[in-house]
Structures are given as structure tokens and as C-alpha cells.
Amino acid sequence: MISVNDFKTGLTIEVDGELWRVVEFQHVKPGKGSAFVRSKLKNLRTGAVQEKTFQAGKKVGKAQIDNKKMQYLYQDGDNYVFMDTNTYEQLSLPTERIKDELNYLKENMVVNLIMYGSETLGLELPNTVELDVAETEPGIRGATASSSPKPATMETGLVVQVPFFINNGDKLIINTQDGSYISRA
């Protein structure tokens, strides 16, 4: 059990038989009444985000989540196949479970699978990924990074706003948290 006063972003808890990851939290001490914790939680099974309020000092169950390093191999219909890099054991995940991460997933990429016992809940990407530009408007001579951005479609289908000097075939570093352009690779 863990107190709601000890919430941290990324902490996994068990409330009402469901697994939740703390996305945001805020301790509130109103002038009148008792303190409470306002939190935004993401359901690890359904992906739904919900706001919950807990009285300060309330205890909730801490879920034991394991991260398993796996390599993405290929897509098989509606499933994506991953391989354990140590045991070579293969595991397939349905598209619905990882639909948000698909924009950043490339073949042979090593990711962390989030496991709860023997159940696979989803995957955790690195903070940044390197992707190739599949299609964008041609660059304009003299364009600077401070001018307005243009859309670029990456090799995975992700559309990112990039500076005008980016061309087709360039390798870019993309932030997986918000899908934004960071720099050229």
C-alpha cells in the first residue's frame, strides 16, 4: 500500500481492481476543509484517462509492474510481434493495445514492454526516436529555422511540423512524448 501523498508521475497503482498510471497530480490544501490530492490517471488496460480526487493520507495499492526489454520484429495482420533479446521468446500484441506508439515504431527497434504478472499491458518507447522523412515540400533557399514550419510525413506515417530546410530522406530526431521535431540526426 502507498499513501496518495507519495504520488509521483509514472507511478502505477491499483484502484477498484484496475491498474492506473499517474500522469499528473496536485496536492491541494484549501483554506477551509481537509487537504486532498487531485490526480489524472491513465488506465493501463483500456488507455482511458480519468481524473480522480483522493483525500490526503488515503492508501491505495501499489501495482508491481515489470519492464521487459524486447525487440520489435514485424507486423502480422492486426498483431505486432516482439522478441525477448535474452531468451528469443516471441510475443505478439494487438494493434489496439499499442495504437498510440505505432507512429514511432520501426522494425528491429528495442523497446520496454510493460508487464503485470504474465499480462502484457503495452510498451514504453525511448524519449526520442530517429525517423526518416518520407515526404515533405522542397526546402527553400535562405530559409531559416526561425521561419514558420512546414508539415513532413515520416516513414511511419507520423506528420511532424519541421523547419523549411528539412528535405526528403533526412533523418530527424523526434520526441515520442509529444511528437515534435527536435533536430536532424
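Residues are numbered from 1 along each chain as its sequence is written, and side-chain values use heavy atoms, with hydrogens and water left out. Because the model is predicted, local features need pLDDT of at least 70 and side-chain atom pairs count only at pLDDT 80 or more, whereas totals for chains, interfaces and linings use all residues.

**Stop 1: Lys52 and Asp16**

Select Lys52 and Asp16, whose side chains meet in a salt bridge at 3.9 Å, N to O. A salt bridge here is a side-chain nitrogen of Lys or Arg within 4 Å of a carboxyl oxygen of Asp or Glu; by this rule the count comes to seven. The pair links distant parts of the chain, 36 residues apart: Lys52 belongs to strand β5 (residues 49-55), and Asp16 to the loop between β2 (12-15) and β3 (18-28). Helices (H or I, at least four residues) and strands (E, at least two) are DSSP runs, numbered from the N terminus.

Buried means under 20% relative accessible area, exposed over 50%, and partly exposed in between (1.4 Å probe, protein chains only).

**Stop 2**

Next, select Arg45 and Glu119, which form a salt bridge with their closest N and O atoms 3.1 Å apart. This pair also links distant parts of the chain: Arg45 is in the loop between β4 (36-43) and β5, Glu119 is in strand β11 (residues 119-124), and 74 residues separate them. Arg45 is partly exposed, with a relative accessible area of 29%, and so is Glu119, at 26%.

**Stop 3: Lys171 and Asp132**

Move on to Lys171 and Asp132, another salt bridge, with the closest N and O atoms 3.0 Å apart. Lys171 lies in strand β15 (residues 171-175) and Asp132 in strand β12 (residues 128-136), so the pair ties together parts 39 residues apart in sequence. Lys171 counts as partly exposed at 40% relative accessibility; Asp132 is partly exposed at 22%.

**Stop 4: the largest pocket**

To centre the view on the largest pocket, select Arg21, Lys42, Asp100, Glu101 and Leu123, which lie nearest its centre among 29 lining residues. About 870 Å³ of space lies in this pocket. On a 1 Å grid over the protein atoms alone, a pocket is an open set of points with protein on both sides within 12 Å along at least five of seven lines, and lining residues have an atom within 4 Å of a point.

Which strand supplies the largest share of the lining? That share, four residues, comes from β11; β3, β4 and β11 each supply at least two residues.

**Stop 5**

Finish at Thr120, placed in strand β11. Thr120 is buried, with a relative accessible area of 8%. Not counting residues up to four places away in sequence, Thr120 touches Leu91, Leu93, Arg97, Leu113, Ile114 and Met115, contact meaning heavy atoms within 4.5 Å.

Conventions:
1 Å grid on protein atoms, 1.4 Å probe; cavity = no way out; pocket = protein on both sides within 12 Å on 5 of 7 lines; lining within 4 Å. Points joined across faces, edges and corners; volume = space filled by probe spheres on them.
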